[in-house]
Amino acid sequence: MREFIYYSRTAPTSGGYVKQDLMKSGRLDIAIHSVIAALFLSHKMRDDVKLHLVFAGAPDPTKHLELQPVVEGKTGVDKIYLNKSNVENIIKRMLYKHKPGEKNEVFPGYWIEKKGFLEVVKELYAKDRNIYILDDKGQDLREVNIEKNPIFILGDHIGLPSKEFKRLKQMCTPVSIGKKTYFASHTIAVVNNEIDRREERGEL
Ligand SMILES: C[S@@+](CC[C@H](N)C(=O)[O-])C[C@H]1O[C@@H](n2cnc3c(N)ncnc32)[C@H](O)[C@@H]1O
C-alpha cells in the first residue's frame with residue numbers, strides 16, 4: 001500500500017464553505033484533481049493507494065480526511081460509487097459529517113477527524129513508515145531507493161509551509177520528479193507510475 005498526504009492551507013474545513021466555484025473554495029479544485037490522480041486508473045479504482053487530505057482553511061482547521069475506498073462488494077451497501085464527477089460532493093459530505101472528538105467513517109473507507117498536519121505525519125513516522133517529501137530540490141525519484149509501503153507528502157499551490165517543511169525534513173527524504181514545478185495531481189500521477197513500474201519489475 002502506498003500513501004499520499006496532500007496538505008492545503010486554504011481548503012475548506014466545513015461543508016458549508018464549499019462553493020460552486022471550486023477555485024474560489026480555498027483551491028479545493030487541486031484536492032479534487034489529487035483524489036483523481038491518486039485513486040483512479042482507467043475504468044478501475046486503485047486498491048493499493050490511501051490518500052490523506054489535510055485541510056487547514058476556514059472555518060474550523062485542521063481536518064484530516066482519509067480515503068481508502070472499499071472497492072469490492074455491492075455499491076450502496078459495502079461501498080459507495082466514486083467517479084470523477086462526484087469527488088467534490090463526497091468531500092463536501094465528509095466535511096459535513098465531521099464529529100468532534102471522533103474519527104468518523106462517513107462511507108466505507110472514508111474517514112474524517114480533526115488533526116493537524118504534523119500530527120498526521122508524526123503518527124506515521126512513529127510507526128516506522130518510510131516517508132518522502134515531494135520537493136523539486138530533492139533527490140531524483142528515479143534514483144532513490146523507495147522502501148515498501150512508502151508515503152509521499154505534497155504541498156498545495158503555494159507549496160509546503162516553511163516551518164512545517166523544516167520539521168518534515170528531519171523525518172522524511174525529499175524526492176524530486178524533475179526540475180520543473182508540476183501540479184500536485186501531476187506529481188501524484190508520476191509517482192504512482194514510478195511505483196507501478198518498480199512493482200512490475202519486482203523491485204518493490
Ligand atoms: C503546484 S506545486 C507547488 C508550487 C509552489 N510554488 C512550490 O514551489 O512549492 C504543488 C506540490 O507539488 C509537488 N511538486 C511539484 N513539482 C515537483 C517536482 N518537480 N518534484 C517533486 N515534487 C513536486 C510539491 O510537493 C509541491 O508542493
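Y96 sits in helix 2, residues 87-96; helices here are DSSP runs of H or I with at least four residues, strands are E runs of at least two, and both are numbered from the N terminus. This is a predicted model, in which local features need pLDDT of at least 70 and side-chain atom pairs count only at pLDDT 80 or more, while totals for chains, interfaces and linings use all residues. Residues are numbered from 1 along each chain as its sequence is written.

Y96 is partly exposed because 13 other C-beta atoms lie within 10 Å; buried means 20 or more such atoms within 10 Å, exposed 12 or fewer, and partly exposed in between, with C-beta atoms placed from the backbone. Its C-alpha atom is separated by 9.9 Å from that of Y17, 79 residues apart along the chain.

Now for the backbone. Most residues other than glycine have a negative phi, and most peptide bonds are trans. Here are some local exceptions.

| Site | Backbone value |
|---|---|
| A58 to P59 | cis, omega near 5° |
| P61 to T62 | cis, omega near 0° |
| R27 | phi near 55° |
| D128 | phi about 65° |

P59 is in the loop between strand 4 (49-55) and strand 5 (63-67), and T62 lies in the loop between strand 4 and strand 5. R27 is buried because 20 other C-beta atoms lie within 10 Å, whereas D128 counts as exposed, with 7 C-beta neighbours inside 10 Å.

Finally, the ligand: 18 residues surround it, the closest being L134, D136, L154, G155 and G159, where a residue is near if its C-beta atom, placed from the backbone, lies within 6 Å. Strand 8 gives the largest share of this shell, three residues.
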